[in-house]
Amino acid sequence: VDAYRRDLASLSASCNCSVGEATVDDLERWLASMRADGLAPSTLARRVSAVRTYFRHLNLVGARSDNPAAAIKLPRRGRRLPRALSPIETERLIDAATGTSPRTLRDRALVELLYGAGLRVSEAVGLEKGAVDLDDRIVRVVGKGGKERLVPLGRPAAEAVRRYLALGRPHLDRRYRPDLFLNARGGPLTRAGAFLILRRLAEKAGLEPERVHPHLLRHTFATHLLEGGADLRSVQEMLGHADLGTTERYTH
């Protein structure tokens with residue numbers, strides 16, 4: 001939502017008018033200025049897509065009869081393959097979160113879940129305490145579109161969550177929150193907080209901090225499963241992909 005809001009605000013600032021009043025010429029000038037600024041084709045494509053969808057919404061509610069963005073051609077995007085950490089790099093990242101402090105135990109549980117269950121960062125920070133079944137080693141995840149799925153957990157991930165719940169989380173839980181992951185003030189851990197945790201651990205592990213982010217661990221989860229002989233459709237279900245084609249990218 002934040003990204004779409006920024007996309008619309010960018011067009012509004014460019015044409016110096018409300019987005020709903022923008023013309024095809026306004027859109028062409030906006031696209032040309034973004035190209036001149038050196039923005040990536042993927043960013044341009046997303047921005048045009050967001051604006052196109054917004055005009056479609058205006059059509060549906062009867063606020064506008066045309067869609068000026070429909071005539072704009074989306075920039076061609078190079079097909080970038082997901083990068084993944086090697087097994088050794090992954091091990092170093094996880095081992096960087098070794099310790100007994102409440103925050104270290106939390107960080108270890110977070111990294112183990114992002115990698116061990118292939119969760120999106122929003123799914124991980126959105127988990128509640130009861131979402132992880134430690135006995136059966138299963139995590140109940142609510143993904144995109146409110147779709148629920150069950151993902152199996154390996155022993156290391158389950159053990160990391162068990163230690164965090166027993167020895168770490170009680171020291172952070174000052175507000176009796178239902179969230180599994182809490183920040184130092186006792187509030188729910190945010191996406192930004194998760195990004196910072198991984199960046200800090202990457203630095204400690206001797207990896208490139210700017211390269212390590214939550215989604216990289218999701219890519220790594222899928223890549224390592226497939227390299228180990230896992231079935232593509234099983235990986236699709238664990239990742240919560242609606243389209244098998246999205247999962248197929250990892251086979252490359």
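A: Start with N16, which is exposed, with a relative accessible area of 72%. Here exposed means over 50% relative accessible area, buried means under 20%, and partly exposed lies in between (1.4 Å probe, protein chains only). This is a predicted model: local features need pLDDT of at least 70, side-chain atom pairs count only at pLDDT 80 or more, and totals for chains, interfaces and linings use all residues. Residues are numbered from 1 along each chain as its sequence is written, and side-chain values use heavy atoms, with hydrogens and water left out.

Q: Where is N16 found?

A: N16 is in the loop between α1 (2-15) and α2 (24-36). Helices (H or I, at least four residues) and strands (E, at least two) are DSSP runs, numbered from the N terminus. The phi of N16 is near 55°, a positive value in a residue other than glycine.

Q: Is Y176 buried or exposed?

A: Y176 is exposed, at a relative accessible area of 73%. The loop between α7 (155-172) and α8 (191-204) holds Y176. Its phi is near 55°, again positive in a residue other than glycine.

Q: Is R106 buried or exposed?

A: R106 counts as buried, at 4% relative accessibility. It is found in helix α5 (residues 102-116).

Q: Which residues is R106 in contact with, leaving aside its neighbours within four places in sequence?

A: Contact means heavy atoms within 4.5 Å. With those neighbours set aside, the contacts of R106 include Y164, L172, F181, L182, I197 and R200.

Q: What is the order of the strands in the open sheet?

A: Two strands pair if DSSP finds at least two bridges between them. The open sheet has three strands, ordered β1-β2-β3, with antiparallel pairing. β1 (132-133) and β3 (148-152) stand at the edges with a single partner strand each, so one side of each is left without a neighbour in the sheet.

Q: How many bridges join β1 to β2?

A: Two bridges join them, and the strands run antiparallel. D133 stands opposite I138 in β2. The two strands form a hairpin with four residues between them, and R137 in the turn has a positive phi of about 55°.

Q: Over how many bridges do β2 and β3 pair?

A: Strand β2 (residues 138-142) pairs with β3 over five bridges, in the antiparallel sense. R140 has L150 as its bridge partner in β3, and V139 stands opposite V151. This hairpin has five residues between its strands, with G145 in the turn at a positive phi of about 70°.

Q: Which residues of β2 lie on the covered face?

A: V139 and V141 do, while I138, R140 and V142 form the uncovered one.
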